[in-house]
Amino acid sequence: MNVDRAEGHPPAKNPEKMYNKLSKAVPVAITGYDLSKALAGLRHWKLVNNVLTREVGFKDYESTWAFLTQVHMRSHLWGHHPTITTTYVNVKLELSTHDLQDQISDIDLKMAKKIEEYIQVHKHNE
Ligand SMILES: C[C@H](O)[C@H](O)[C@H]1CNC2=NC(N)=NC(=O)C2=N1
């Protein structure tokens, strides 16, 4: 089983602040050039008021909710939850790290990459 682990992160001292229930990693703010570089690899994601944002439309309602179920389960596993707005087959996802005063963290970027994988699966079903 390929379990994502945030390798090399200090273990959470403050368990209620922990991320990734498996590796108990803590978020690290990503700013400046490092953030720009990371966003270059997430070309469908935009920074809107410093919130990592993605909008996507699916071919039908079933695909939309198959996608959202995967996002929900991954969010629960990693202890990191996007703001999700959805109407019918349209979905808007927003990510920031509240525990870092809504900066963008490594956990946000990791989650965005994982969400992008789920989108490609469901979009490819077209
Ligand atoms: C203790 C709990 O894991 C943390 O407060 C998590 C919960 N889910 C979260 N989700 C998001 N998007 N940002 C956070 O900072 C965050 N913090």
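1. Which residue lies over the face of Trp-78? Lys-110 does, at 5.0 Å from the ring centre. A charge is taken to sit over a ring if NZ of Lys or CZ of Arg is within 6 Å of the ring centre and within 35 degrees of the ring normal.

2. On the basis of these notes: this is a predicted model, in which local features need pLDDT of at least 70, side-chain atom pairs count only at pLDDT 80 or more, and totals for chains, interfaces and linings use all residues. Residues are numbered from 1 along each chain as its sequence is written, and side-chain values use heavy atoms, with hydrogens and water left out.

3. Buried means under 20% relative accessible area, exposed over 50%, and partly exposed in between (1.4 Å probe, protein chains only). Strands (E, at least two residues) and helices (H or I, at least four) are DSSP runs, numbered from the N terminus.

4. E2 pairs with strand E1 (residues 46–48) in the antiparallel sense, over 3 bridges; two strands pair if DSSP finds at least two bridges between them. Lys-46 stands opposite Thr-53 in E2. The hairpin of E1 and E2 has 2 residues between the strands, and Asn-49 takes a positive phi near 50° there.

5. E2 also pairs with strand E4 (residues 90–95), again in the antiparallel sense, over 6 bridges. In this pairing Val-56 stands opposite Val-91 in E4.

6. The structure holds 3 salt bridges, each a side-chain nitrogen of Lys or Arg within 4 Å of a carboxyl oxygen of Asp or Glu. One of them joins Arg-54 and Glu-116 at 2.7 Å, N to O. This pair links distant parts of the chain, with Arg-54 in strand E2 and Glu-116 in helix H3 (residues 106–124), 62 residues apart. Arg-54 is buried at 6% relative accessible area, and Glu-116 is buried at 12%.

7. Glu-117 forms a salt bridge with Lys-114, the closest N and O atoms being 3.4 Å apart. Both lie in helix H3, 3 residues apart, about one turn of the helix. Glu-117 is partly exposed at 45%, whereas Lys-114 is buried at 12%.

8. A search of the whole structure finds 3 aromatic pairs. The rings of Phe-58 and Phe-67 have centres 4.8 Å apart and planes at 35°, so this pair is tilted. Rings of Phe, Tyr and Trp (its six-membered ring) pair if their centres lie within 6.5 Å; planes under 30 degrees apart count as stacked, over 60 as edge-to-face and the rest as tilted. Tyr-61, Trp-65 and Tyr-88 form one aromatic cluster.
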